[in-house]
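My notes are kept in the order of the search.

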Amino acid sequence: MGKNYVITIARGFGSGGKTIGQMLAGELGIEYYDRDILRMASEESGIYEGLFGMLEEKGKRRRLFRKDGEYRHEKPNTRPESSEFVSDDNLFKFQAQIIKGLAEREENCIMVGRCADYVLEGRENLVRLFIYADRETCIKNVMEMYAWSRKDAERIIEKTDKNRKTYYRYYTGRDWEDASNYDLCINTSQLGYERSVRVIRDYLRTLGLEK
């Protein structure tokens with residue numbers, strides 16, 4: 001099959017993107033990376049893992065965005081004595097370094113979130129997915145998954161997606177929901193999880209990445 005492939009998944013909160021990624025990884029027998037990336041970045045840097053976890057949550061505070069491509073190939077500052085060591089930008093660089101390192105392994109894998117589609121842009125056999133759903137479907141999924149009230153589900157969905165949009169915009173200079181950033185966009189409101197996985201597998205076959 002040649003060089004290993006990497007599937008990146010960007011997803012709206014409540015769309016089922018994480019579940020689809022896990023299902024797909026299970027069916028294909030490949031590695032699945034989500035919060036593992038934060039743990040690895042923490043182990044690599046020695047920085048508290050919780051700081052990496054908070055990175056996306058700070059999106060609402062960002063008003064500007066960086067020049068597209070600024071962080072894709074930059075290496076993080078590895079000097080703990082530096083004032084920039086635990087800055088948001090340096091934390092992003094540590095994550096990007098982990099993402100690139102995982103992609104270079106001789107194994108197929110799935111990565112969820114953290115601008116992986118942007119970090120790995122231009123890489124051979126990269127498949128960039130965006131998973132979304134209509135508002136009612138997201139609310140229903142979140143209420144069922146977390147046993148939250150409708151009001152709480154609506155509030156968290158709005159907050160989470162707003163932070164993801166701002167985070168993505170800040171580090172990539174692009175619109176998170178712009179279909180041109182991805183190879184395949186899937187509406188789970190129409191397809192559900194199992195059919196979404198089948199569509200993705202069929203797509204991989206058309207690319208010659210799976211039999």
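The entries below turn to the cavity, then the pockets, then the helix contacts.

**Entry 1: ground rules.** I note that this is a predicted model, in which local features need pLDDT of at least 70, side-chain atom pairs count only at pLDDT 80 or more, and totals for chains, interfaces and linings use all residues. Residues are numbered from 1 along each chain as its sequence is written, and side-chain values use heavy atoms, with hydrogens and water left out.

**Entry 2: the cavity.** I worked on a 1 Å grid over the protein atoms alone, where a cavity is a set of points at which a 1.4 Å probe fits but cannot get out. Grid points are joined across faces, edges and corners, and a volume is the space filled by probe spheres set on the points. I counted 1 cavity of 30 Å³ or more. The largest cavity has a volume of about 90 Å³. Its lining, meaning residues with an atom within 4 Å of a point, includes Ala 10, Arg 11, Glu 56, Asp 117, Arg 164 and Trp 176. I recorded β1 (6-11) and α7 (150-172) as the elements that give two or more residues to this lining; helices (H or I, at least four residues) and strands (E, at least two) are DSSP runs, numbered from the N terminus. The largest share, 3 residues, comes from α7. By class, I found 5 nonpolar, 1 polar and 5 charged residues in the lining of the largest cavity. Here Ala, Val, Leu, Ile, Met, Phe, Trp, Tyr, Cys and Pro count as nonpolar, Asp, Glu, Lys and Arg as charged, and the others, Gly among them, as polar.

**Entry 3: the largest pocket.** A pocket is an open set of points with protein on both sides within 12 Å along at least five of seven lines. I read about 750 Å³ for the largest pocket. It is lined by 32 residues, and Arg 11, Phe 13, Glu 56, Thr 160 and Arg 164 lie nearest its centre. Helix α7 gives the largest share of this lining, 6 residues. The lining of the largest pocket holds 10 nonpolar, 13 polar and 9 charged residues.

**Entry 4: the second largest pocket.** I noted a volume of about 180 Å³. Of the 17 lining residues, Gly 12, Ala 133, Asp 161, Trp 176 and Glu 177 lie nearest the centre. Again I looked up the largest share of the lining, and it comes from α7, with 5 residues.

**Entry 5: α4 against α7.** Helix α4 (residues 88-103) packs against α7 at an angle of about 85 degrees, with the axes 12 Å apart. Axes are lines fitted to C-alpha atoms, for helices over the stretch in contact, and angles run from 0 to 180 degrees between N-to-C directions. The two helices are therefore roughly perpendicular, a term for angles of 65 to 115 degrees. In the contact (heavy atoms within 4.5 Å), I found Asp 88, Asp 89, Phe 92 and Gln 95 of α4 and Tyr 167, Tyr 170 and Tyr 171 of α7.

**Entry 6: α6 against α7.** The axes of α6 (residues 135-146) and α7 come within 9 Å and cross at roughly 115 degrees. I listed Arg 135, Glu 136, Cys 138, Ile 139, Val 142 and Met 143 in α6 as meeting Arg 150, Ala 153, Glu 154 and Ile 157 in α7. The residues of this contact divide into 6 nonpolar, no polar and 4 charged.

Notes:
Parallel < 35°, antiparallel > 145°, perpendicular 65-115°, else oblique.
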